[in-house]
Amino acid sequence: MDNDNVQIFYDGNGNAVAVQMPISDYEKIIKSAKDAVEAKDAIAKAVEALQGIL
């Protein structure tokens, strides 16, 4: 992600409330999240299989 294209919006208390960035960056974040969920599911299935053996 190119930080020059990222805008962060803050409320009156200085808390970040929104982020604006190019759609390609959002797509990268979504793909990373999807990959993480798939990896978590694969690990959970492996743990279940190992528990069945033990």
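A salt bridge is counted where a side-chain nitrogen of Lys or Arg lies within 4 Å of a carboxyl oxygen of Asp or Glu. The model treated here is predicted, so that local features need pLDDT of at least 70 and side-chain atom pairs count only at pLDDT 80 or more, while totals for chains, interfaces and linings use all residues. Residues are numbered from 1 along each chain as its sequence is written, and side-chain values use heavy atoms, with hydrogens and water left out.

**Exercise 1. Find the salt bridges of the structure and describe the place of their partners.**

Step 1. A search of the whole structure gives 2 salt bridges.

Step 2. K31 forms one of them with D35, and their closest N and O atoms are 2.9 Å apart. Both residues belong to helix α1, where they stand 4 residues apart, about one turn of the helix; helices here are DSSP runs (H or I, at least four residues) and strands are DSSP runs too (E, at least two), numbered from the N terminus.

Step 3. K28 forms a salt bridge with D25, with 3.9 Å between the closest N and O atoms. These two residues are separated by about one helical turn, because they lie 3 residues apart in helix α1.

Step 4. For accessibility, buried means under 20% relative accessible area, exposed over 50%, and partly exposed in between (1.4 Å probe, protein chains only). D25 is therefore buried at 4%, whereas K28 is partly exposed at 47%, and D35, at 35%, is partly exposed.

**Exercise 2. Determine which elements supply the nonpolar surface patch.**

Step 1. A patch is made of residues with over 30% relative accessible area and no salt bridge, like charges being joined within 9 Å and nonpolar side chains (Val, Leu, Ile, Met, Phe, Trp, Tyr) within 5 Å.

Step 2. The nonpolar patch consists of I8, Y10, V19, I23, Y26 and I30, which together have about 600 Å² of accessible area, computed by the Shrake-Rupley method with a 1.4 Å probe, where for residues only the protein chains shown count as cover.

Step 3. I30 is placed in helix α1, and I30 is exposed because its relative accessible area is 57%.

**Exercise 3. Describe how β1 and β2 are arranged.**

Step 1. β1 and strand β2 (residues 16-20) pair in the antiparallel sense over 4 bridges, where pairing requires that DSSP finds at least two bridges between two strands.

Step 2. The two strands form a hairpin with 5 residues between them, and G14 in the turn has a positive phi of about 85°.

Step 3. Across the pair, I8 stands opposite V19 in β2, and both residues are among those of the nonpolar patch.
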